[in-house]
Amino acid sequence: MKNKVKNLKDYDVVFVGYPIWHGDLPMAVYTFFDENNLSGKKIILFSTNEGSGLADTVNTIEKYTKGNVVKNVFSIRGNKVEAEVKKWIKEL
């Protein structure tokens with residue numbers, strides 16, 4: 001990952017967005033978790049896919065980060081998502 005998060009300790013809430021790649025997280029997301037301590041942070045997930053839904057990525061992230069993953073995870077298929085994203089943000 002080219003740019004590092006320098007002040008992550010200043011945040012209580014972290015949004016993590018990712019595509020589903022072959023039923024799993026992209027390696028860049030694992031790298032982000034390896035390089036950043038998310039203990040005690042509220043983790044809000046959002047994802048895109050082409051039919052697999054979230055696969056098992058929420059459980060993977062919960063185990064990997066030992067963080068507080070918010071249960072209202074946003075996942076959408078395809079690329080026409082603006083209205084759905086706005087609706088999800090309002091629900092948060």
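The legends below describe close-up views of a predicted model. Residues are numbered from 1 along each chain as its sequence is written, and side-chain values use heavy atoms, with hydrogens and water left out. Because the model is predicted, local features need pLDDT of at least 70 and side-chain atom pairs count only at pLDDT 80 or more, while totals for chains, interfaces and linings use all residues.

**View 1. Helix α1 and its buried residues.** Helix α1 spans residues 27–35; helices (H or I, at least four residues) and strands (E, at least two) are DSSP runs, numbered from the N terminus. V29, Y30, F32 and F33 of α1 are buried, where buried means under 20% relative accessible area, exposed over 50%, and partly exposed in between (1.4 Å probe, protein chains only). Seen down the axis of α1, the buried residues fall within an arc of 155 degrees, so they line one face of the helix; the arc is that of the directions from the helix axis to the C-beta atoms. An α-helix has 3.6 residues a turn, so residues three or four places apart point the same way. Strand β1 and helix α2 (57–65) are included in what covers the buried residues of α1, with contact meaning heavy atoms within 4.5 Å. Exposed residues M27 and D34 sit on the face of α1 turned away from its buried side.

**View 2. The salt bridge between E35 and K4.** The side chains of E35 and K4 meet in a salt bridge, at 3.1 Å from N to O; a salt bridge is a side-chain nitrogen of Lys or Arg within 4 Å of a carboxyl oxygen of Asp or Glu. This pair links distant parts of the chain, with E35 in helix α1 and K4 in the segment before β1, 31 residues apart. E35 is partly exposed at a relative accessible area of 42%, and K4 is partly exposed at 46%. The structure holds four salt bridges. Another joins the side chains of D10 and K9 (3.5 Å, N to O); D10 is exposed at 51% and K9 at 67%.

**View 3. Strands β2 and β4, with R77.** Strand β2 (residues 42–49) pairs with β4 in the parallel sense over four bridges; two strands pair if DSSP finds at least two bridges between them. Strand β4 (residues 74–77) has F74 and I76 on a covered face, and S75 and R77 on an uncovered one. R77 is the bridge partner of N49. R77 also forms a salt bridge with E50, the closest N and O atoms being 3.9 Å apart. The pair links distant parts of the chain: R77 lies in strand β4 and E50 in the loop between β2 and α2, 27 residues apart. R77 is exposed at 57%, and E50 is exposed at 60%.

**View 4. A nonpolar surface patch that includes V13.** V13, F15, F46, I89 and L92 make a nonpolar surface patch of about 420 Å². Patches are made of residues with over 30% relative accessible area and no salt bridge, like charges being joined within 9 Å and nonpolar side chains (Val, Leu, Ile, Met, Phe, Trp, Tyr) within 5 Å. Accessible areas come from the Shrake-Rupley method with a 1.4 Å probe; for residues, only the protein chains shown count as cover. V13 lies in strand β1 (residues 13–19) and is partly exposed at 35%.

View 5. H22 is not a glycine, yet has a positive phi of about 55 degrees. H22 lies in the loop between β1 and α1 and is exposed, at 85% relative accessibility. A55, also a residue other than glycine, has a positive phi near 55 degrees. A55 is placed in the loop between β2 and α2 and is partly exposed, at 42%.
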